[in-house]
Each structure stands twice: as C-alpha cells, then as structure tokens.
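Here are my notes on this model. Please read them alongside the sequence and the coordinates.

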Amino acid sequence: MNPELSSWLDKSKTQWKEIKAFLHKNRKNKHLDVWFHKEHDEVFQTLNCLDCANCCKTTSPIFRDADIRRIAKHLRMKEAALIEQYLRLDEVQDYVLQKAPCSFLGTDNKCSIYEHRPLACREYPHPAIVTGK
C-alpha cells in the first residue's frame with residue numbers, strides 16, 4: 001500500500017478533522033481521486049466478502065423501485081407483499097430493510113437473491129470519506 005495512504009489511515013481515528021479538511025480542500029483534485037480509487041481497488045482485491053459479510057449484517061441498502069420489482073418477480077411475490085414483509089421507509093422516505101442482518105443473507109454469508117440484489121449492493125463496496133461520525 002502507498003506509504004502516504006497508510007499514514008493517513010493510521011491518523012484517521014485521531015485526526016479526522018484534519019483529514020476531512022484535506023479531502024474538502026482537494027475534492028476537485030483529479031490526481032487524488034485517481035490515486036484513491038487505485039488504492040481502494042487494490043485493497044478490495046484482497047478481501048473476500050464471504051469471510052464476514054458484516055456489511056449485510058449491519059447495514060441496509062436503499063431499495064429503488066426497479067430493485068423492488070426485480071426482487072419481487074424473482075421471489076414470485078407482489079411488490080406490495082415484498083415491501084410489507086421485508087422493507088420499511090426510512091426518515092428520508094427511502095425503502096430499506098426492516099431489520100438486520102439482511103433477510104436474504106444465508107448462514108453461509110451468501111446472498112439468496114445475489115443475481116437480483118439491489119443496485120446499492122451491486123455497486124458495493126462504496127469508497128467512503130471518514131467524517132468522524
């Protein structure tokens with residue numbers, strides 16, 4: 001891993017305000033963006049999501065209308081039934097899972113709807129900026 005990135009990661013827990021300011025100041029720096037995504041991709045090539053599936057155990061993706069239609073069709077249920085059984089509206093009126101872990105996560109950490117999973121899951125992992133929250 002890039003030594004500069006390693007240094008930033010080591011500092012992240014105690015110096016998040018400085019890191020946030022650095023990222024805000026450099027948000028339009030295309031070089032930084034390319035560098036970040038390269039490092040991100042390298043790190044995630046070494047991970048196997050099936051080892052822990054913590055993301056699926058602790059967070060919920062947003063379910064768009066297209067996701068709901070696709071998953072309901074796959075499960076051979078009406079969209080309203082899928083929503084009633086598995087989803088709820090959050091504080092910003094997005095559909096999210098009613099509970100964690102994800103109802104579609106198996107004991108083997110595999111997704112039972114993997115080929116039909118929501119877009120947010122398809123795009124995961126999302127690079128996140130540490131905000132200190």
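1. Elements. Helices are DSSP runs of H or I with at least four residues, strands are E runs of at least two, and both are numbered from the N terminus. By that rule the protein has seven helices and two strands. Along the sequence they follow the pattern α-α-α-α-α-α-β-β-α.

2. Basis and confidence. This is a predicted model, in which local features need pLDDT of at least 70, side-chain atom pairs count only at pLDDT 80 or more, and totals for chains, interfaces and linings use all residues. Residues are numbered from 1 along each chain as its sequence is written, and side-chain values use heavy atoms, with hydrogens and water left out. pLDDT is the predictor's confidence in each residue, from 0 to 100. Its mean over the protein is 84, and 89% of the residues reach 70 or more.

3. The stretch to treat with care. Over residues 128–133, pLDDT stays under 50. The model has seven contacts for these residues beyond four places in sequence. Contact here means heavy atoms within 4.5 Å.

4. Overall burial and contact range. Buried means under 20% relative accessible area, exposed means over 50%, and partly exposed lies in between (1.4 Å probe, protein chains only). Of the 133 residues, 21% count as buried. Among contacts with a separation of 6 or more, 59% come from residues 24 or more positions apart.

5. The α5/α6 packing. At what angle do helix α5 and helix α6 pack? The angle between α5 (residues 65–75) and α6 (residues 79–86) is about 95°, and their axes are 9 Å apart. That makes α5 roughly perpendicular to α6, a label that covers 65 to 115 degrees; under 35 is roughly parallel, over 145 roughly antiparallel, and the rest oblique. Axes are lines fitted to C-alpha atoms, for helices over the stretch in contact, and angles run from 0 to 180 degrees between N-to-C directions.

6. Who meets whom. From α5, the residues are I68, R69, I71, A72 and L75. From α6, they are E79, L82, I83 and Y86. The residues of this contact divide into seven nonpolar, no polar and two charged. In this scheme Ala, Val, Leu, Ile, Met, Phe, Trp, Tyr, Cys and Pro count as nonpolar, Asp, Glu, Lys and Arg as charged, and the others, Gly among them, as polar.

7. The core. A nonpolar core is a set of buried Ala, Val, Leu, Ile, Met, Phe, Trp, Tyr and Cys residues joined through side-chain atoms within 4.5 Å. The largest one has 13 residues, of which F63, I71, L82, L87, L97 and F104 touch the most other members. Helices α5 and α6 each supply at least two residues of this core. The largest share, three residues, comes from α5. Beyond four places in sequence, I71 touches F63, L82, F104, I113, H116 and P118.

8. L75. This residue is in helix α5. L75 is partly exposed because its relative accessible area is 32%. Its contacts, leaving aside neighbours within four places in sequence, are L82, Y86, F104 and I113.

9. Backbone checks. Most residues other than glycine have a negative phi, and most peptide bonds are trans. A53, not a glycine, has a positive phi of about 55°. R76, not a glycine either, has a positive phi of about 55°. A cis peptide bond joins A100 and P101, with omega about 0°.

10. Where those residues sit. A53 is in the loop between α3 and α4, and at 7% relative accessibility A53 counts as buried. R76 is in the loop between α5 and α6, and at 79% relative accessibility R76 counts as exposed. P101 is in the loop between β2 (95–97) and α7 (119–122).

11. C52. This cysteine lies in the loop between α3 (30–45) and α4 (54–58). At 44% relative accessibility, C52 counts as partly exposed. Apart from neighbours within four places in sequence, C52 is in contact with K57 and N109. C52 and N109 are 57 residues apart along the chain, yet their C-alpha atoms are separated by 7.1 Å.
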